[in-house]
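Keep the structure in view as you read.

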Amino acid sequence: MLRKINVFVIAVTVLVSVSASAQFPAYYPTDYQNIVDGAKKEGKVVVYSSTDIKAATPLIKGFEAANPGVRVEYNDMNSTELYNRYISEQASGSNSGDVVWSSSMDTALKLAIDYAQEYLSPEQAELPAWAIWKNKAYGTTYEPVVFIYNKRLLPPTDVPDTHAALAKLIASQPDKFKKKVTTYDIEKSGLGFMLSVQDFKADPNYFTTLADTAKGGLTVQSSTGTMMERVSSGENLIGFNILGSYAEARARTDPSLGIIYPKDYILVLSRVTFISGNAANSNAAKLWVNYVLSEQGQNILANQSDIPSIRKDIDGNNDIDGLTQELGQSLKPIPVDESLLEYMEQAKRLNYIKQWRTAAAK
């Protein structure tokens, strides 16, 4: 009788083990349940992010449903605020984010170099090589950077299809575009600064192009939302270096907002994430990063949050493959690597801002 009970116990143990492991993809490590159990004991993950809470909400709900007992404490900030807050907290040793998720790729990588823990996500095989930095920082999205314009006030014949055409249009009609062109304030927005530097690297005549684009005077902002609102209302006629994911989401319900994917080159941003080296909720942080990179998480980003996926196996065409088929060789993904840091050095950064201000007459 005792022998039968032992056999029964063994059988139940095997069944439970199989059941526990079945919830993970086959390529996950065999001890992944330990991370899940640790995350449940921690009970939460603290995320510092520049992704708008409205866009992030479906992802948060999906994560919490997939990981009962682990809640997301989500802190939505602009990229410069995120960087400064995180640096300050690390310096003082106070509580901080377990995970950073930022659209400002250069400042995020700088933080990762100084503060990230190494973590080899089991999802990384599904990512392009340029989106992985030393198993510490990961690109999570594939977001073209676009122009936007007011469809009611800008005639179709005036709609530019390249950066040079944008500059030529404005330089030829400076009175019409006086204070009607908007872009990021590169001194207040880390994302805006990074995109400007990437334009400079892509366009050998960048500062001349910028000077012509600014002929009527630029109005600069620190958020995509503000720029879209101003263009939609007609306060501005056109905007450049706009996150296409946000623009596409708004354009679905806003008939005034037009979107241009420039034909000469389209910068592609990938929001960078990493786990803090001193994360208080390290296990929960690993669950979060894996979920964001997973097929399930990426499907939510692509199809509920309107943020294009960096994967190729997502439902629909709002992913790296779909965008490549649509936009082709114009796409220029910004790699998650040390090239992002070239203008993070203070003197070089200040000199670049000075050049930008002179060209933009700011």
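**Spaces and rings**

The largest cavity has a volume of about 100 Å³. Here a cavity is a set of points, on a 1 Å grid over the protein atoms alone, where a 1.4 Å probe fits but cannot get out. Grid points are joined across faces, edges and corners, and a volume is the space filled by probe spheres set on the points. The model is predicted: local features need pLDDT of at least 70, side-chain atom pairs count only at pLDDT 80 or more, and totals for chains, interfaces and linings use all residues. Residues are numbered from 1 along each chain as its sequence is written, and side-chain values use heavy atoms, with hydrogens and water left out.

The structure holds four cavities of 30 Å³ or more. What lines the largest cavity? Its lining consists of His163, Leu166, Asp199, Asp203, Tyr206, Thr209, Leu210, Thr213, Phe240, Asn241 and Tyr265. A lining residue has an atom within 4 Å of a point. Helix H6 (163-172), helix H8 (206-213) and strand S9 (238-243) each give at least two residues to this lining. Helices (H or I, at least four residues) and strands (E, at least two) are DSSP runs, numbered from the N terminus. H8 has the largest share, with four residues. By class, five of the lining residues are nonpolar, four polar and two charged. In this scheme Ala, Val, Leu, Ile, Met, Phe, Trp, Tyr, Cys and Pro count as nonpolar, Asp, Glu, Lys and Arg as charged, and the others, Gly among them, as polar.

Now the open spaces. A pocket is an open set of points with protein on both sides within 12 Å along at least five of seven lines. The largest pocket holds about 620 Å³ of space. Its lining counts 28 residues, and Asp52, Thr224, Gly225, Met228 and Tyr246 lie nearest the centre. Helix H3 (53-66), helix H9 (224-233) and helix H10 (244-251) each supply at least two residues of that lining. Which domains contribute? Domain 1 (39-142 + 270-318) and domain 2 (143-268 + 343-360) each give at least three residues to the lining of the largest pocket. The domain bounds come from an automatic or database domain assignment. Twelve of the lining residues are polar, nine nonpolar and seven charged.

The second largest pocket has a volume of about 370 Å³. It is lined by 19 residues, with Gln23, Phe24, Ala66, Tyr291 and Gln296 closest to its centre. Helix H2 (32-42), helix H11 (282-293) and helix H12 (295-303) are the elements that give two or more residues to this lining. The largest share, four residues, comes from H2. The lining divides into ten nonpolar, six polar and three charged residues.

Look at Ala66 again. Ala66 is found in helix H3. Ala66 is partly exposed, with a relative accessible area of 35%. Buried means under 20% relative accessible area, exposed over 50%, and partly exposed in between (1.4 Å probe, protein chains only). In helix H10 sits Ala249. Its relative accessibility is 29%, so Ala249 counts as partly exposed.

The rings come next. A pair of aromatic rings is described by the distance of the centres and the angle of the planes. Rings of Phe, Tyr and Trp (its six-membered ring) pair if their centres lie within 6.5 Å; planes under 30 degrees apart count as stacked, over 60 as edge-to-face and the rest as tilted. The count by this rule comes to 19 aromatic pairs. Phe63 and Trp288 form an edge-to-face pair, 5.3 Å centre to centre and with 70° between the planes. This pair links distant parts of the chain: Phe63 is in helix H3 and Trp288 in helix H11, 225 residues apart. Are these two residues buried or exposed? Phe63 is buried, and so is Trp288.

The pair of Phe200 and Phe207 is tilted, because the ring centres lie 5.4 Å apart and the planes stand at 45°. Phe200 has 28% relative accessibility and so counts as partly exposed. Phe207, at 18% relative accessibility, counts as buried. Phe193, Phe200, Tyr206, Phe207, Tyr343 and Tyr352 form one aromatic cluster.

Charges sit over two of these rings. The rule asks for NZ of Lys or CZ of Arg within 6 Å of the ring centre and within 35 degrees of the ring normal. The charged end of Lys348 sits over the ring of Tyr343, 4.8 Å from its centre. Arg349 lies over the face of Phe193, at 3.8 Å from the ring centre.
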